[in-house]
Amino acid sequence: MNLVIIEGVGKLETVQKYLGKGYKVFATGGHVRDLPQKRLAVDVNKDFEPTYVVLDDKKKTVDSLKAAARSADNILLATDPDREGEAISWHVATLLDIPEDAPVRIEFNEISKTAVQNALSHPRVIDKNLVDAQQARRVLDRLVGYKVSPILCTKIQSKLSAGRVQSVTLRLVVEREKEIRAFVPEEYWTFFAELNTAGKEGVRAALVSHKDEKLKPTSESQVDKIKSDLKGAVYTVTGVKKSITHAHPYAPFITSTMQQDAMNKLGMSLKQTSSAAQTLYEGVDIPGEGKVALITYIRTDSTRVSKEAIAMARDYIADNFGDKYLPDKPNYYASKKSAQDAHEAIRPISLDRTPASVKAHLNKYQYQLYDLIYKRFLASQMADADYNSVSVDITANDYGFHITGRTPIFDGFTKVYAVDRIDKESGKDEMVKLPEMQVGDRLDFVRFDCEQKFTKPPARYTEASLVKAMEERGIGRPATYSPTVNLLFTRKYVVRDGRAIAPTELGEKVTEMLIMYFPSFMSVDFTAKMEDELDGIEDGGVRWQNVIKGFYGPFEDSIKAARADDFTLKTPDEETDYVCEKCGAKMVIKNGRFGKFLACSDYPKCKNTKNLDEDGNIAEPEPVEVSDTVCEKCGAKMVVKTGKYGKFLACPNYPKCKNIVSLDKKPEEVDDRPLPPCPKCGKLLKKITTRRSTFYGCTGYPDCNFTLSARPNGEKCPQCGSLLVEKSGKNGDYIKCSNKTCNYKRNGEKQ
């Protein structure tokens, strides 16, 4: 038996299908070993030696993994094809005592039969350079987080965090907000002359110059003077330029451009895009085929595409659109200099799986994103779009006007992938067909069209434009864009204002403090340079400890200086006239994680606190419901409390007496109907009740981890063959398919 170890549970079925008999796939669910959470775990005096431990929530997974490995003849590590995946393979190999020189590492850029089978034929040793690059990043981020975060907590408020990439990204948002506040709008006017040709065809000419010098009116008085100067003027065509212009198709998606287009064209957030892309990469259930992966690996900064994929696209274009849509040679796109170029661009695995053919098996976001990826890749190998472009110069007295027009000759790639045709300045459609005009033609004046405007400050970042800025400035890498932006929201350093991102007061304080004490660390250039150094470790020849050492010396000096400085941005405690009823000391208003509250000034000797309402007054405590039950430990009458899992009885003498009694729940109706067998392994299903939920799982766990959130009724879905489950809603009981991508549902009594 061959054991193949992967990361994501979601792609387990897809990979298993392509491996076939003789192979067992085991999913780790991400990292199984890492630095422990509650201590630094990096020995700065021993060449930054990290201490790794098995994660608490992965101990059972590791036990199952070791058991599976003991019964395996061969082990192959097929974690994701990136630094993180390479590190996970290394950690797994260490836990399983696999020799460093053993050729056990396989990788595939897409989950298809061809790619998986090809990977099996080319096992290699674990790439220690990739592992070291990931270790360097992990140690670097741990040092920054664990050394800087306590300073923020001391000088601003508790439970704050800093991060090497996170904090610099926050700085971009904060500095953009400062630009907006400091911006002083300037007045300007748009000035158009509406004219008619001899054939009474209307044109709209923009004022561009006066005496051959560029002109943009900046006041109403200037506009009035121009109108006065042009009174009775003759408008004469002085130049006509005709040309055929070409629009080249866009490159296929990389991670950042996919995220940007998903937001700008589909309105999808980073979180929605990442989730949908992950599912498309890992595989979706298709009736009769099982799980099928639809796109290639989703974390990439390269626009490179394989020769096989280019040939597939060219064949499809020729067959479905005709040879005129096929360029003479394949289109190639250059990646940025900073790109690692480890993987192909994001593309569909097979163009035969059109978005329409799989729409029924995808949710809204998955379908929209797949449609976008499919069309972008297909368009990238199509011919240019061609346009008839015309520009006309018009002179009236000493003023120059200009008109441009563009009409399509051949739609080319835009037949598949639409482009924006709206001019940002005028808001008009650029596809304007102009009437025929010749040099020397006179045009009849109709009227002026002028409008006062003001320059606008730079726009706040959206998730899409922030990712674009991170990519352009070298902050982070494709795998870190989405988690970094989401973390800023989680930490309440930024908030959403519609689609825009605005910093909170807390976010601005954190940025101010970090720039004050760590100007180098908070520099965008420094962060980009550090990414280059990590790339250097990956390329080989650079010892990762040396990179950390070069950073750590100056960084530690900054840490010491920050600790020694008494400067603080903490909101001082506000004195009040309230007297603590427990010790008699005055109470003060403090700022906490959840807002303001009253606390005894004699803390920590007295830990008395009181909640404040919205008006700043002491909030009335909720009435205590006293029960007839007597505490068996101290004899006091117990009170009714409401906790995370419902109501319970608690002793009023807490914390001296911590006795609690669970309140009896209403007896559940006994359901002794037999459960169907597990559709994955054939063993029986059973009902499992935990403190948090009730669900149905396979008795073959941990070898089989099949679960259902609702009770299966024993039938199979007539549409996709998955198990049907019983549900209850506002309109009564109903039956639906357990496959989330299948829409089968029927009303009726539970069978």
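Me: Which side chain does Arg447 meet in a salt bridge?
Reply: Glu194, at 3.2 Å, N to O. A salt bridge here is a side-chain nitrogen of Lys or Arg within 4 Å of a carboxyl oxygen of Asp or Glu. The model is predicted: local features need pLDDT of at least 70, side-chain atom pairs count only at pLDDT 80 or more, and totals for chains, interfaces and linings use all residues. Residues are numbered from 1 along each chain as its sequence is written, and side-chain values use heavy atoms, with hydrogens and water left out.

Me: Where do Arg447 and Glu194 sit?
Reply: Arg447 is in strand E16 (residues 442-454) and Glu194 in strand E8 (residues 187-196), 253 residues apart. Helices (H or I, at least four residues) and strands (E, at least two) are DSSP runs, numbered from the N terminus.

Me: How many salt bridges does the structure hold?
Reply: 35. One of them joins Lys375 and Asp371, with the closest N and O atoms 3.2 Å apart.

Me: How far apart in helix H12 are Lys375 and Asp371?
Reply: They are 4 residues apart in H12 (residues 364-380), so about one helical turn separates them.

Me: Is Asp371 buried or exposed?
Reply: Buried, at 17% relative accessible area. Lys375 is partly exposed at 32%. Buried means under 20%, exposed over 50%, and partly exposed in between (1.4 Å probe, protein chains only).

Me: Other topic. Which side chain pairs with Arg353 in a salt bridge?
Reply: Glu289, at 2.6 Å, N to O. Arg353 lies in the loop between helix H10 (307-321) and helix H11 (355-358), and Glu289 in the loop between E12 and E13, so the pair ties together parts 64 residues apart in sequence.
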